[in-house]
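Here is a friendly briefing to read alongside the model. Keep the sequence and the 3D view open, and look up each residue as you meet its name.

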Amino acid sequence: MEIFERFLMLERKIQEQLRVWKERDDRKSLVVTGARQVGKTHAVERFGKECYQESITINFKETPSAAAIFQGDLTVDGMVQAIRFRLPDHEIAPERTLLFFDEIQECPEAITSLKFWTADGRYDVIASGSLLGIDYNRPSSYPVGYVDYLTLRGLDFEEFLWAQGLGKDLTSSIHQMFDARVQVPTAIHDQLMEHYRTFCALGGMPEVIQKYEESKDFRVADRVQRALLQDYLYDIAHYASASEKIKAEKCFLSIAGQLLGKENHKFQYKTVERGGKAAKYYSSIDWLTRADMASMSTNVTSASYDLTDYEVENNFRLYCTDVSLLIAMRDFALKTAIVEGTLSGNIKGGLYESFVADALLKSGHTLHFYRNESNKREIDFLIQDCGYVVPIEVKAGRAAANSLKSVMRNGTGIELAYKVADANVGVGEDGVVTVPHYMAMYL
């Protein structure tokens, strides 16, 4: 309980999303997905404590015997009686009780039961778990069409600022400056860049941020980051099939080298293993993305809507679920260089690309990039919404965004493009909008 109370200090945007779900008349059982240790359990338990008269958590990893509740007929009345039998001090009343099934991947029958909770409609049910996407051969049926979904990732920069004690009024005013294309006052801009470098060194994993806030010591945070990385490797060893364990671990640990050790950040199997081929390793990449341990950005041949129509098969970049894990793959000196602003070479460009990818993924975007080997044009990210494609070029410093300018003037129909750089807000004559790195969360 002490750990839970400490984590309540971290304000998360998912709290409002959960409240919106509760107010919906057509709500279904809710599945909260996301990688391990991003705060799913704490978020749901806090929501239950604040919004229901009674909240019951059944954690199938801590209490494997709870799977007995879901043996036999999966009628709602039968399951409620079984829960009351195990927890006689709880009322379990319709509309007043939240049922939270945590680590639900450990109990396939509980996953199947979500269909019946939704069809019955009397009880609010939330399920959560890591690695929900990796079981290809689940013996029980998955409740397709009977569940709503929310994905939780690590803290974004705005949530990190809240953790630093900077209020929502301030972050709201920064968002307004972004929308209005107004420069941030220099004193505020400089402070935000300092906070941003700290955030980039820590990443967004809640426990890392919590430990840093308590100690103000990067070495304490570093130990937590490395422990989390080991936890992820343990999950690979524990949950991946025998044929995938070693390959998935090699691919995961190669991400830092793919992004920080070379100019071209395309994922190359030969970096994983000399002579490595897609035929051997692509299934491992698929496992990592399904397990929410990594996210993919796919190359496209055109910056046109719909980007999925222009994807280049087996040409992609791979990012860690949270930059905290990426930082943990390098030694402590990398943190020092990030915070002090002394990065240089390929590692600098790769890191800032990773930081922006982190922000875009936490905003819910699917990532693409454009790289043309013949004319050497490259756009770091392409995102799309409502029929529009928005190109984004990332600069660790203040270099010109030549590829963006080329795209804007070549009749592609693109009307808005962003350069994310070590600069303040500005709009060029070419229509390219420059924003500072910390505003990537608003793109």
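The side chain of Glu-378 makes a polar contact of 2.7 Å with the side chain of Arg-317; a polar contact is a pair of N or O atoms within 3.5 Å, where within protein one must be able to donate a hydrogen and the other to accept it, and residues adjacent in sequence count only if both atoms are side-chain atoms. Please note that this is a predicted model, in which local features need pLDDT of at least 70 and side-chain atom pairs count only at pLDDT 80 or more, while totals for chains, interfaces and linings use all residues. Residues are numbered from 1 along each chain as its sequence is written, and side-chain values use heavy atoms, with hydrogens and water left out.

**Around Glu-378**

- Glu-378 lies in strand S9, residues 377-385 (strands are DSSP runs of E with at least two residues, helices are runs of H or I with at least four, and both are numbered from the N terminus).
- Glu-378 counts as buried because its relative accessibility is 18% (buried means under 20% relative accessible area, exposed over 50%, and partly exposed in between, with a 1.4 Å probe and protein chains only).
- Another polar contact, of 2.3 Å, joins the side chains of Glu-378 and Arg-371.
- If you leave aside neighbours within four places in sequence, Glu-378 is in contact with Arg-317, Tyr-370, Arg-371, Glu-393 and Ser-403 (contact means heavy atoms within 4.5 Å).

**Charges over rings**

- Arg-317 also lies over the face of Phe-369, at 4.0 Å from the ring centre (a charge sits over a ring if NZ of Lys or CZ of Arg is within 6 Å of the ring centre and within 35 degrees of the ring normal).
- Arg-181 lies over the face of Phe-178, at 5.3 Å from the ring centre.

**Aromatic pairs**

- How many aromatic pairs does a search of the whole structure find? The search finds 24 (rings of Phe, Tyr and Trp, the last by its six-membered ring, pair if their centres lie within 6.5 Å; planes under 30 degrees apart count as stacked, over 60 as edge-to-face and the rest as tilted).
- Phe-178 and Tyr-442 form a tilted pair, with 5.9 Å centre to centre and 45° between the planes.
- Phe-178 lies in helix H7 (168-180) and Tyr-442 in the segment after strand S13 (432-436), so this pair ties together parts that are 264 residues apart in sequence.
- Tyr-282 and Phe-316 form an edge-to-face pair, at 6.2 Å centre to centre and 75° between the planes.
- Tyr-282 lies in helix H14 and Phe-316 in strand S7, so the pair ties together parts that are 34 residues apart in sequence.
- Tyr-282 counts as partly exposed, at 36% relative accessibility, whereas Phe-316 is buried, at 1%.
- Ring pairs also link Phe-157, Phe-160, Tyr-196, Phe-199, Tyr-352, Phe-355 and Tyr-438 into a cluster.

**Helix H11 and its cysteine**

- Which residues of helix H11 (residues 245-253) are buried? They are Lys-247, Ala-248, Cys-251 and Phe-252.
- Seen down the axis of H11, these buried residues fall within an arc of 130°, so they line one face of the helix (the arc is that of the directions from the helix axis to the C-beta atoms).
- The partners that the buried residues of H11 pack against include helix H10 (218-239), helix H14 (278-290) and strand S7 (311-320).
- A search of the whole structure finds 0 disulfides (a disulfide is a pair of cysteine sulfur atoms within 2.5 Å).
- For Cys-251, the nearest cysteine sulfur is that of Cys-320, 12 Å away.
- Cys-251 is buried, with a relative accessible area of 0%, and Cys-320 counts as buried at 7%.
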